[in-house]
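Thank you all for coming.

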Amino acid sequence: MTRFVASRIVFLIGVLLGMSVLAFTVSHIIPGDPARAAAGPEAGPEQVEAVRREYRLDRPIVEQYLYYMSRLVRGDLGISIMTRRPVRDDLGTYFPATIELAFAASFIAVVLGIPLGVAAATRCGKWLDHVSRLASLVGAAAPVFWSGLLLQLVFYRNLGWFPATGRLRDVSGVSAITGFYTLDALLRGDFALWLDALHHLVLPAVTLAQFPLALLTRMVRSSMVEVLREDLVRTARGKGLREGVVVWKHAFRNALIPVATVFGLQCGRLLGGAVVTEVIFSWPGLGFYAVRAVTSLDFPAVMGVALLMGFVFVVVNLFVDISYLLLDPRIRY
Amino acid sequence: MQRTLSALVGVLFAIALLIVIAPMASPQSPGTINVGLYAGEPASVDPGVILSTTVSRTIFKGVYESLVDLPGTERVPKPLLATSWTISKDGRVYDFSLRRNVRFVDGTIFDGSAVKANFDRIFALNREPASSLRAIDRVEVITPERLRIVLKAPFADFLSILVWINFVSPKAIAEHEKNGDHAQAWLRDHAVGTGPYTLDRWIPGQQLVLTRNDNYWGGWSGNHLRRIILRPIGETGTQRLMLEKGDLDIAQAVTVEDAATLARNPQIAVRRDEGFSQFQIFMNTQKGPTKDRRVREAIAYAYDYDGHIRGAMRGTVNPAQGPFAPEMAGGLPGMKPVVRDLGRARELLRQAGYEKGGFALRYKYISGRNEDKKAGEILQASLAEIGVKVDISEGPWPTLLGQLQDLATAHELFPYVTVPFYNSPDALLFAHYHSSQMGKQGRNLTYYNNSTVDQLIDNARSESTLDKRLDMYREAARLISNDHVAIYISRNINLQAFRNRVKGFQYNPIKPYIFYFYEMYVD
C-alpha cells in the first residue's frame with residue numbers, strides 16, 4: 001500500500017513535469033503578442049517592450065522555461081498578465097469556489113443518482129426504470145447553457161426562490177477563512193450568511209450536477225443489473241436474507257467498482273472548473289478564470305491552471321484506486 | 001442501511017425546505033445602485049498603469065479625479081481639479097490654476113507637487129498612461145496652486161487627453177512602495193483619490209463596492225448615490241433576468257433581442273445612443289491584390305451594406321460615412337456612405353487586371369464577436385458575386401494583432417471597431433492612418449502611407465484655431481475615403497437598460513459605458 005502510494009506520487013511528479021513542458025510549449029508557440037495584450041490598447045511600442053522585458057518574453061523559450069521551473073519549485077507561479085496578481089493568489093481566490101461548487105454538485109449526483117440507479121436496477125423494466133432512463137437521457141443530452149438559463153427563469157425570475165448569480169448577495173464585510181463560503185459562515189456561526197451562501201449554491205450546483213447525475217444513475221443501474229444476475233446474489237437470497245440486505249450489502253458493494261472509476265473521472269472534471277455553468281451563474285471559479293486567461297494569452301495563469309488541474313486529476317485518481325481496496329478486499333496493491 | 005438512508009433523505013429534505021422557505025433579502029436599499037458589468041472586471045484600478053479599459057475608467061470616474069473633464073456631449077474640456085488654465089501662443093506651455101482645499105481620501109492635501117508626483121510616477125512606470133502623455137516635455141510646480149506643463153511640440157488635443165489622467169495620493173504611493181514598484185502592487189486593488197467615492201471592497205470575480213467619501217470637496221447636498229455595487233456578469237440572458245427582477249439597476253450587456261423584450265417592461269428604460277465607435281473592414285494597402293487602390297474600391301462597392309445593417313444587424317446600427325463619426329469634425333459635408341454597385345465593382349476589377357476576379361483574400365476576426373462574424377459571411381457572399389473568394393478564420397485578439405503587426409503575416413482584410421480615445425478626429429486619424437503608426441508602432445495595420453494625410457494630421461496638431469483644425473480633418477477624411485483604406489460599414493448604437501428609479505445618467509459618445517456616479521441618484 002505504502003509502496004503503491006509512493007509510486008503514485010513519483011508518477012504525479014512525472015505527470016506534472018510532462019504537463020509543464022507541454023503547456024509551456026503550447027502557450028508560447030501560439031502566434032500573438034501577450035506583451036501587447038497586457039500593455040493595453042493605447043500603449044506605444046516602448047511601453048510594450050517594457051512589459052516584454054518585465055515578463056522575460058524577450059528571452060529564448062528554453063531560458064524562460066527553466067526560469068519558470070526554478071521559481072515553480074519554490075512555489076512561485078509567477079504574476080498573471082491579466083490580473084497583475086501572483087497566479088498563486090488568483091488560484092487561491094478562484095479554486096475554493098470551484099471546489100465548493102464541484103462538491104455540492106457531486107453531493108447531489110451521489111445522493112440522487114445512487115438510490116435512483118439501484119431502484120431502477122431492482123425494478124428493471126418497470127415504470128421507474130423507464131422514467132429514470134428518460135430523465136438520464138435528458139440530463140446527459142440537454143446543453144448546460146440551456147438548462148442553466150431555464151433554471152434561472154423558473155426558480156429565480158418566476159418563483160423567486162434562488163438568486164441567479166454570484167456566491168453572496170453582498171460581499172462587503174465578508175472575509176474569507178477557507179474560501180468556502182458555506183463553511184466560513186458556519187465557522188463564524190453566522191446562520192443568515194450560511195443560508196445566503198447555500199441559496200446561491202443551489203442553482204449552479206443543480207445545473208452542474210445534471211450530467212454526472214445522469215451518468216451515475218445509468219452506471220449504477222447497468223452495473224447493478226449485472227451483479228444482481230450473479231451467483232453471489234442467488235446465494236444470498238438462498239440464505240433467506242432480506243431483499244434490502246441482498247441489494248445494498250451484497251450486490252451494491254460489488255457493483256461500485258466501475259461506478260467509482262467513472263465517478264472519479266467526473267469529479268476530476270468538475271474540479272477543473274465548469275466553464276459554462278460558471279459563466280451563466282457568474283460563479284467566480286477556476287473555469288471562469290481559465291477562459292479569461294486563455295483569451296488574453298495570459299500564459300502564467302494558463303500554466304498555473306493547467307498544473308493545478310493535472311495535480312487534481314492525478315490525486316483524485318489516486319483516491320479512486322485507494323477506494324477499490326475498501327470496496328473489494330480481494331484487491332491488493 | 002435503509003433506515004439511515006431514509007434519515008439522510010429526511011435531513012436533506014428539511015434543508016431543502018429551509019432554503020426554499022427562507023426569504024431572499026430585498027436587494028434595494030436607499031441610495032444603493034447595482035450595476036451589471038459586461039466586460040468583466042478591471043485588471044487593475046491603478047491610474048498609473050491602466051488608461052483605456054472601460055471598466056477601469058468607470059471606477060476611476062468614481063474614485064479619482066483629473067485636472068479637466070469632458071462631461072456629457074461637451075467638446076471643450078471643463079475645469080475639475082484645475083479651475084482655469086492658459087495656453088501659450090506657441091501651444092507648448094500650459095499653465096494650470098489648481099483647485100484649493102481639496103484633499104485625498106487619506107487626508108493628504110492635493111496641490112502642484114501631488115500632481116507632479118503622479119506624472120513622475122506615470123513616466124517611471126512607463127505603461128499605457130505614459131504612452132498617452134508622450135507629448136509632455138516636463139512638468140513644473142510654480143507654486144502649490146500653480147502647475148506648468150511644457151510639451152515637446154504643440155498638441156491641440158492635449159487637454160482632451162488630460163481628462164483620463166487621474167491623481168493618487170502621493171502619501172499612499174510612498175507608504176505602499178515595495179521594491180521600487182511605485183506602489184503598483186498595492187494600488188492594483190486599492191484606490192486613494194480625491195473623488196466622491198472610495199473603493200470599499202473588491203472580491204475578484206464577484207463585486208466591486210464603492211461607497212461615499214464623506215469629505216468630498218464637492219459636498220453631498222442634493223441627490224447623490226451613496227453606494228455602488230458593480231457586478232461582473234458575463235451572460236447577457238442572466239443580466240436581463242436580474243434587471244427585470246430588480247437585482248440590477250443597470251444592465252450593460254443588452255442584446256438586440258433582449259432590448260426588444262425589456263422595452264415592453266414599464267419599469268425599465270432601454271437607451272439606444274449612437275456612439276463614436278464604428279465598425280469597418282480594413283484592407284491591407286501594401287501587399288496582395290488589395291495593394292491596388294482599384295481593387296479596394298471594387299471591394300467597397302461590392303459589399304452588401306444593406307444586408308449588413310438591415311439584415312444581419314436588424315437595424316441596430318447606423319451606416320458609417322468615413323474614417324470617423326462626422327460630428328467629431330462638425331460634419332463631413334460632401335461625403336456619403338458608399339452605396340453598393342456591383343457593375344462599378346466589376347469594372348474597377350477589370351481596370352485592375354482582374355477581369356473575372358479569380359483571387360482569394362483572407363479575412364480573420366476576433367473569436368466570439370458577432371458583428372465581425374456576420375460581416376465575414378456577408379463579405380464572402382458579396383465578393384463571390386465579383387469572382388473574389390474570401391477565406392474566413394478567427395482567433396483571440398492578441399493572436400490576431402500579433403499577425404497584423406507583421407506585414408508578412410498580416411491578413412488582407414480584417415474587421416475593426418475603432419473607438420476614439422478623446423473627442424477629436426486626431427484620436428482615430430493619427431492611430432490608424434498616420435504612417436508613423438504602421439505595424440508594431442501602433443494601429444496603422446493597413447500599412448497606409450500617404451504623405452499628404454500625414455502632413456494634415458501633423459499640422460492640425462499644432463493649429464490652435466478649432467475651425468481651421470476641423471477643416472484639415474475633413475480634408476484628411478476625404479483623402480482617406482478616396483483611397484478606400486477600409487469598407488466603412490456601421491456606427492454602433494450603444495444599448496443599455498436602466499430601471500426607472502435610476503436618474504441623472506448623462507450619455508457621452510466618447511465613453512458610452514462610463515458612469516458619472518456622483519451626478520446620478522435613485523428615487
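Before I place anything, a word on naming: helices, of at least four residues, and strands, of at least two, are DSSP runs numbered from the N terminus. In those terms, Val154(A) sits in helix α7 of chain A. Please keep in mind throughout that what we are looking at is a predicted model.

Let me stay with Val154(A) for a moment, since its relative accessible area is 32%, which means that this residue is partly exposed. Val154(A) belongs to a nonpolar surface patch of about 820 Å², whose other members include Phe145(A), Trp146(A), Leu150(A), Trp161(A) and Val291(A). Two elements of chain A, α7 (144–158) and α12 (275–280), each give two or more residues to this patch, and α7(A), with five residues, gives the most.

From there I turn to charge. Over all chains, the structure holds 45 salt bridges, of which I will go through a few.

The one I would start with joins the side chains of Arg292(A) and Glu41(B), at 3.7 Å from N to O. This pair crosses between chains, running from helix α13 (residues 286–295) of chain A to the loop between β1 (32–37) and α2 (54–63) of chain B.

The next two pairs lie within helices of chain B. In helix α13 (residues 370–384), Lys373(B) and Glu377(B) are four residues apart, so about one helical turn separates them, and their side chains meet in a salt bridge of 3.8 Å, N to O. Both ends are partly exposed, Lys373(B) with a relative accessible area of 40% and Glu377(B) with 41%.

In helix α17 (residues 466–483), Arg478(B) and Glu475(B) are three residues apart, which again means a separation of about one helical turn, and here the salt bridge spans 2.9 Å from N to O. Arg478(B) is partly exposed at 37%, and Glu475(B) counts as partly exposed as well, at 31% relative accessibility.

How values were computed: Residues numbered from 1 in each chain as written. Chains lettered and ligands numbered in written order. Predicted model: local features only at pLDDT ≥ 70, side-chain atom pairs only at ≥ 80, totals over all residues. Heavy atoms only, no water. Patch = residues over 30% accessible without salt bridge, like charges linked within 9 Å, V, L, I, M, F, W, Y side chains within 5 Å. Areas by Shrake-Rupley, 256 points an atom, 1.4 Å probe, with all protein chains shown as cover. Salt bridge = Lys/Arg side-chain N within 4 Å of Asp/Glu carboxyl O. Buried < 20%, exposed > 50% of the residue type's maximum accessible area, 1.4 Å probe, protein only.
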